[in-house]
Amino acid sequence: MVRLRFTPDLAPRITERTWHKSQKLRPMPGGGVELALTLDSLEEVLPFVLSHAASVEAVEPPELVTRVAAAHRAAALRYEKTRRPARRAGVPAVRARVGR
């Protein structure tokens with residue numbers, strides 16, 4: 001069983017169509033929705049979950065939760081690396097002086 005929880009902003013899109021013949025929808029407090037599916041493989045649902053980023057939480061099975069978390073961690077690290085200024089060897093870091 002795969003269980004996914006969607007935020008209120010995405011709930012209308014999730015509830016307006018049939019994603020899988022096994023799907024079961026459950027309204028969540030606050031306006032979100034939980035989608036439960038019986039699937040043979042996680043391969044078909046993983047890209048779907050990742051495409052909705054912060055608007056979905058993988059709840060079950062544990063393997064899906066782990067794979068989604070690992071993919072998000074890898075993406076976050078990639079962005080952190082691109083935002084950090086490169087430091088060249090032998091060049092000291094510049095520090096701002098406060099209260100001159």
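Q: In which sense do β1 and β3 pair, and over how many bridges?

A: In this predicted model, β1 and β3 pair in the antiparallel sense over five bridges.

Q: What makes β1 and β4 a pair?

A: β1 and β4 are joined by four bridges in the antiparallel sense. At least two bridges are required, and therefore the four bridges between β1 and β4 make them a pair. Here Arg5 stands opposite Glu57 in β4.

Q: Why are β2 and β4 called edge strands?

A: The four strands form an open sheet in the order β2-β3-β1-β4, with antiparallel pairing. β2 (24-27) and β4 each pair on one side only, and this makes them the edge strands. On average, neighbouring strands of the sheet are turned by 20° against each other, direction ignored.

Q: Which elements make up the protein, and in what order do they run?

A: The protein has three helices and four strands. From the N terminus on, these elements run β-α-β-β-α-β-α.

Q: Why is β1 described as largely enclosed by the rest of the structure?

A: Four of the five residues of β1 are buried, so the strand is largely enclosed by the rest of the structure. For the protein as a whole, buried residues make up 27% of the 100 residues.

Q: What makes the contact of Glu34 with Arg3 a salt bridge?

A: The closest N and O atoms of Glu34 and Arg3 are 3.0 Å apart. The cut-off is 4 Å, so the pair is a salt bridge. In general, side chains of opposite charge can pair when their charged atoms come close.

Q: What makes Glu60 and Arg3 a salt bridge, and which parts of the chain does the pair link?

A: For Glu60 and Arg3, the closest N and O atoms are 2.4 Å apart. This distance is within 4 Å, so the pair is a salt bridge. The pair links distant parts of the chain, with Glu60 in strand β4 (residues 56-60) and Arg3 in strand β1, 57 residues apart. Arg3, Arg5, Arg26, Glu34 and Glu60 are linked in a network of salt bridges, and the structure holds six salt bridges.

Q: How do you know that Glu43 forms a salt bridge with Arg67?

A: The closest N and O atoms of Glu43 and Arg67 are 3.0 Å apart. Since the cut-off is 4 Å, the pair is a salt bridge. Glu43 lies in the loop between β3 and α2 (46-51) and Arg67 in helix α3 (residues 62-83), so the pair ties together parts that are 24 residues apart in sequence. Arg67 has a relative accessible area of 26% and is partly exposed.

Q: Why is Leu42 called buried?

A: Leu42 has a relative accessible area of 12%. The limit for buried is under 20%, so Leu42 is buried. Leu42 lies in the loop between β3 and α2. Not counting residues up to four places away in sequence, Leu42 touches Val2, Pro61, Glu63, Leu64 and Arg67.

Q: Why does Ser55 count as buried?

A: Ser55 has a relative accessibility of 17%. The limit is under 20%, so Ser55 counts as buried. Ser55 is found in the loop between α2 and β4. Leaving aside residues up to four places away in sequence, Ser55 touches Arg5, Phe6, Thr7, Asp9 and Leu10.

Q: Which residues have the most contacts inside the largest nonpolar core?

A: The largest nonpolar core has 19 residues, and those with the most contacts inside it are Val2, Leu4, Phe6, Ile14, Val45 and Leu64. The elements that give two or more residues to this core are β1, α1 (11-15), β3, α2, β4 and α3.

Terms used
Residues are numbered from 1 along each chain as its sequence is written. This is a predicted model: local features need pLDDT of at least 70, side-chain atom pairs count only at pLDDT 80 or more; totals for chains, interfaces and linings use all residues. Side-chain values use heavy atoms; hydrogens and water are left out. Buried means under 20% relative accessible area, exposed over 50%, partly exposed in between (1.4 Å probe, protein chains only). A salt bridge is a side-chain nitrogen of Lys or Arg within 4 Å of a carboxyl oxygen of Asp or Glu. A nonpolar core is a set of buried Ala, Val, Leu, Ile, Met, Phe, Trp, Tyr and Cys residues joined through side-chain atoms within 4.5 Å. Contact means heavy atoms within 4.5 Å. Axes are lines fitted to C-alpha atoms, for helices over the stretch in contact, and angles run from 0 to 180 degrees between N-to-C directions.
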